[in-house]
Amino acid sequence: MLLLFQVFLNCTLHEGQQNNQNEDLSSGKALVDHLDDLFTSLENKNASDRDFQELVVAINENIRQSIEHNVTNPKFLKEIQTYFPRKKHNFLFLLSEDEKFGVFSWSTRKKEFPIKNIAFYESGNGFAPSSLYGNPMVYDQLDMIHDSSSGMSTYILGGLKDSTATAHQYYLSAYIIRQDGIEESPIFPGGESYITIRCAENNLETCLAIEKDKSLPKTMYTAIAKQSLTSEDGEYIFD
């Protein structure tokens, strides 16, 4: 009887997990609240437990499925953006100014693939999720540069790569939306689609000498292009 009960319990829990992963959530607020519960569970797992990695892999899969199953249109992204800033979360969500490019970003606590990014984009072929190329980074900044001559927009994701008492390293990665998906955009010096910048300032805006109250999307690349850049072990430094 005890064995049968354990089998029944395991099946019930497994079924509950599957239903939870594929739960239809009616709004952006509902998804954010649901993700907050999952990330609380992720943060509460004890790294010293024998089955720690197994558990965090399962939770991260639940997170991924919850996001991809529910975010099916641009309106849902806008709902998330409206609700997201109202409280703190253990994950990042960013939405571009034109609302055509959104990114979920978080630390997974997994031994392999410790950072996860899920991007959603709107193009002529519809609306879809995508993985991001390049070095994995927890992004906390998303800016957009629109080229009026081509009608194309470049989306720049940024995150703090490393920080010390005297310097900060910022990682920027640029993307463009094509008809068939997202591509890296080689807008940085040397034709690169990504760049690491070391700054002796407290934030990226100050480092790039962006004027107060000016919009970051329209000034970021101009600031980068006009600066004198030197390279030290592949890292760009603002002189």
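Colleague: With which side chain does Arg64 meet in a salt bridge, and how is such a bridge read?

Modeller: Side chains of opposite charge can pair when their charged atoms come close. A salt bridge is counted when a side-chain nitrogen of Lys or Arg is within 4 Å of a carboxyl oxygen of Asp or Glu. Here Arg64 meets Glu61, with 2.5 Å from N to O. Please keep in mind that this is a predicted model, in which local features need pLDDT of at least 70 and side-chain atom pairs count only at pLDDT 80 or more, while totals for chains, interfaces and linings use all residues. Residues are numbered from 1 along each chain as its sequence is written, and side-chain values use heavy atoms, with hydrogens and water left out.

Colleague: Why are Arg64 and Glu61 separated by about one helical turn?

Modeller: An α-helix has 3.6 residues a turn, so residues three or four places apart point the same way. Arg64 and Glu61 are 3 residues apart in helix α3 (residues 52–70), and therefore about one helical turn separates them. Helices (H or I, at least four residues) and strands (E, at least two) are DSSP runs, numbered from the N terminus. Arg64 also forms a salt bridge with Glu68, at 2.8 Å from N to O. Arg64 and Glu68 are 4 residues apart in α3, again about one helical turn.

Colleague: Are Arg64, Glu61 and Glu68 buried or exposed, or in between?

Modeller: The scale is relative accessible area: buried means under 20%, exposed over 50%, and partly exposed in between (1.4 Å probe, protein chains only). Arg64 is partly exposed at 23%. Glu61 is partly exposed as well, at 29%, and so is Glu68, at 30%.

Colleague: How many salt bridges does the structure hold, and which residue pairs with Glu99?

Modeller: The structure holds 7 salt bridges. Glu99 pairs with Lys78, the closest N and O atoms being 3.9 Å apart. This pair links distant parts of the chain, 21 residues apart: Glu99 is in the loop between β1 (92–95) and β2, and Lys78 is in helix α4 (residues 74–83). Glu99 has a relative accessible area of 30% and is partly exposed; Lys78, at 45%, is also partly exposed.

Colleague: Which residues are linked in a network of salt bridges?

Modeller: The network links Lys29, Asp33, Asp36 and Lys87. Asp36 belongs to helix α2 (residues 28–44). At 13% relative accessibility, Asp36 counts as buried. Contact means heavy atoms within 4.5 Å. Leaving aside neighbours within four places in sequence, Asp36 is in contact with Lys87, His89 and Phe91.

Colleague: How is the length of α2 read, and which residues of α2 are buried?

Modeller: The expected span of a helix is 1.5 Å times one less than its number of residues. Helix α2 has 17 residues and reaches 24 Å from its first C-alpha to its last, close to the 24 Å expected. Its buried residues include Leu31, Val32, Leu35, Asp36, Leu38 and Phe39.

Colleague: How are aromatic pairs read, and how many does a search of the whole structure find?

Modeller: A pair of aromatic rings is described by the distance of the centres and the angle of the planes. Rings of Phe, Tyr and Trp (its six-membered ring) pair if their centres lie within 6.5 Å; planes under 30 degrees apart count as stacked, over 60 as edge-to-face and the rest as tilted. The search finds 10 aromatic pairs. Phe93 and Phe104 form a tilted pair, with 4.9 Å centre to centre and 50° between the planes. Phe93 lies in strand β1 and Phe104 in strand β2, so the pair ties together parts 11 residues apart in sequence. Both Phe93 and Phe104 are buried. Phe101 and Tyr155 form a stacked pair, with 4.9 Å centre to centre and 25° between the planes. That pair links strand β2, holding Phe101, to strand β6 (residues 152–163), holding Tyr155, 54 residues apart. Both Phe101 and Tyr155 are buried.

Colleague: Which residues do ring pairs link into a cluster?

Modeller: The cluster holds Phe39, Phe84, Phe91, Phe93, Phe104, Trp106, Phe120 and Phe127.

Colleague: Finally, what is the phi of Arg109, and what is that of Phe113?

Modeller: Most residues other than glycine have a negative phi. Arg109 has a positive phi, near 70°, and Phe113 has a positive phi, near 55°. Arg109 is found in the loop between β2 (101–107) and β3 (115–123), and Phe113 is in the loop between β2 and β3. At 27% relative accessibility Arg109 is partly exposed, whereas Phe113, at 62%, is exposed.
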